[in-house]
Amino acid sequence: MKFKNSLPAGTFLRNQYILIGHSAGAHLSLLFGYSIQNGKDIKGIVSLAGPTDFTNEALVKAMIANKHPLLNLIELMVGKPVDRQNPIPLPAEYKAASPAYQIKHLVPTLIIHGKKDETVHMSQATTLATALKAKKVNHEIIMLDADHSLGLFDGKDPHKISNQLFNWIEKIK
């Protein structure tokens, strides 16, 4: 926001920012848009395969059992380790870091997730969609027949994500 405030008046239009992120970038976009920003500057958020709920006990137990490297990253981000022998209940910091539980600003949201995603389970997308629906937040969820990359990095855009994204932006104008 310092950058924006240092520019001449009229350089940026208020309420015109749309945050877009993939994976950890989606997590940061969601957290910022729902809880950190002032509630006036963000017009929409697009989550591409983003984690949304670090309190899902079944997923945490599966990550422990499979020695999934993502758990170590989550622990670093949250600042508290999970007790590998007795992981439940999870420390409160895991809920605080979960966008699905931090929806203070009702920002329209597009969720795009792959059904074959083994990095961020597709239940993360449906958990967020359920939380947004409960708060009556304008949202759309698109589940693709794709893995975590969503086909974004092969240069082909097989799922036409760019078209879906631009169509959604037009809807929320």
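Okay, a definition to begin: helices (H or I, at least four residues) and strands (E, at least two) are DSSP runs, numbered from the N terminus. What we have here is a predicted model, where local features need pLDDT of at least 70 and side-chain atom pairs count only at pLDDT 80 or more, while totals for chains, interfaces and linings use all residues. Residues are numbered from 1 along each chain as its sequence is written, and side-chain values use heavy atoms, with hydrogens and water left out.

Let's start with the sheet. Four strands make an open sheet, ordered β1-β2-β3-β4, and the pairing is parallel; two strands count as paired if DSSP finds at least two bridges between them. At the edges sit β1 (17–22) and β4 (139–144), each pairing on one side only. From one strand to the next, the twist averages 10 degrees. For angles, axes are lines fitted to C-alpha atoms, for helices over the stretch in contact, and angles run from 0 to 180 degrees between N-to-C directions.

Now look at β3, residues 109–114: six bridges join β3 to β4. Opposite T109 you'll find H139 in β4.

What packs on this sheet? Helix α6 (residues 123–134) does, touching β3 and β4, and its direction makes about 165 degrees with that of β4. Contact here means heavy atoms within 4.5 Å. Helix α7 (residues 161–172) packs on the sheet too, touching β1, β2 (42–48), β3 and β4, with its direction at about 155 degrees to that of β2.

Let's stay with α7. Which of its residues are buried? They are I161, L165, W168, I169 and I172, where buried means under 20% relative accessible area, exposed over 50%, and partly exposed in between (1.4 Å probe, protein chains only). They cover an arc of only 100 degrees around the axis, which puts them on the same side of α7; that arc is taken from the directions from the helix axis to the C-beta atoms. As background, an α-helix has 3.6 residues a turn, so residues three or four places apart point the same way. Among the things covering the buried residues of α7 are β1, β2, β3 and β4. On the face turned away from the buried side, α7 carries the exposed residues F166 and K171.

Last stop, the loops. A49 lies in the loop between β2 and α3 (57–65). Its phi is near 60 degrees, a positive value in a residue other than glycine, and A49 is buried, at a relative accessible area of 0%. And between α4 (69–78) and α5 (92–96), the loop holds P89, which a cis peptide bond joins to I88, with omega about 5 degrees.
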